[in-house]
Amino acid sequence: MIASPDVRLRRVTKTYGPVRALVGVDATFAAGKVTAVLGTNGSGKSTLLSIVGTLAKPTSGVVAHGGLKSAAEVRRILGWVGHASLCYPDLTGAENLRLAAELHGFSRDEALLEAKERFELGGFMDRPFREYSRGQRQRISLARALVHRPTLLLLDEPTTGPVVGSSKSSNVG
């Protein structure tokens, strides 16, 4: 397993046309430490995490992930839980976890057993992901992000809103 390096941002700016999402950000995310990025809605938190996670490139500035040279190297050590679950709605939770493990070169069955125990996935993991409650979706999404034992974990607003959009509607009442 590759050790997680410090992540350093120097004078990072990100623009989307005329919109300046980030301007001259300097930050260091120390390996082995929990760091929270706080700010109001629209302040650039998700953009910052996308840049740290190599999902977006800065318009200007430098992002250094220790000695890692490529986005592929960073992604091998990276776990990501964002606004979307990155799970397939018609697959079961178990199938989603097996797929993620296989894509990362890990034993499908070993990864599934480990996730089942760690996240208490129990009986619901054999139902289609689209049928899950919000909390169940969050647990499967986090298990998927950790299935390859990453050393860098990025959580983009993990405690707010649904983890995945669904075309399934529900009535309360």
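Which side chain meets R108 in a salt bridge? E102 does, at 2.8 Å from N to O. By salt bridge I mean a side-chain nitrogen of Lys or Arg within 4 Å of a carboxyl oxygen of Asp or Glu.

Some ground rules. This is a predicted model, where local features need pLDDT of at least 70, side-chain atom pairs count only at pLDDT 80 or more, and totals for chains, interfaces and linings use all residues. Residues are numbered from 1 along each chain as its sequence is written, and side-chain values use heavy atoms, with hydrogens and water left out.

Back to our pair. R108 is partly exposed, at 40% relative accessible area. E102 is partly exposed too, at 46%. Here, buried means under 20% relative accessible area, exposed means over 50%, and partly exposed lies in between, with a 1.4 Å probe and protein chains only.

Now the helices. Helix α3 covers residues 93-103, and helix α4 covers residues 108-118. Helices are DSSP runs of H or I, at least four residues, and strands are runs of E, at least two, numbered from the N terminus. The two helices pack at about 125 degrees, with axes 8 Å apart. The axes are lines fitted to C-alpha atoms, for helices over the stretch in contact, and angles run from 0 to 180 degrees between N-to-C directions. So α3 and α4 are oblique to each other. On that scale, under 35 degrees is roughly parallel, over 145 roughly antiparallel, 65 to 115 roughly perpendicular, and the rest oblique.

Who touches whom? From α3, A94, L97, R98, A101 and E102 meet R108, D109, A111, L112 and A115 of α4. Contact means heavy atoms within 4.5 Å. By class, that contact has six nonpolar, no polar and four charged residues. Ala, Val, Leu, Ile, Met, Phe, Trp, Tyr, Cys and Pro count as nonpolar; Asp, Glu, Lys and Arg as charged; the others, Gly among them, as polar.

Next, R98 and D109. Their side chains form a salt bridge, 3.8 Å from N to O. R98 sits in α3 and D109 in α4, so the pair ties together parts eleven residues apart in sequence. R98 is partly exposed at 25%. D109 is exposed at 55%.

One more link from α4. R149 bridges to E110, with the closest N and O atoms 3.4 Å apart. R149 lies in the loop between α5 (134-146) and β5 (152-155), and E110 lies in α4, 39 residues apart.

In total, the whole structure has eight salt bridges.
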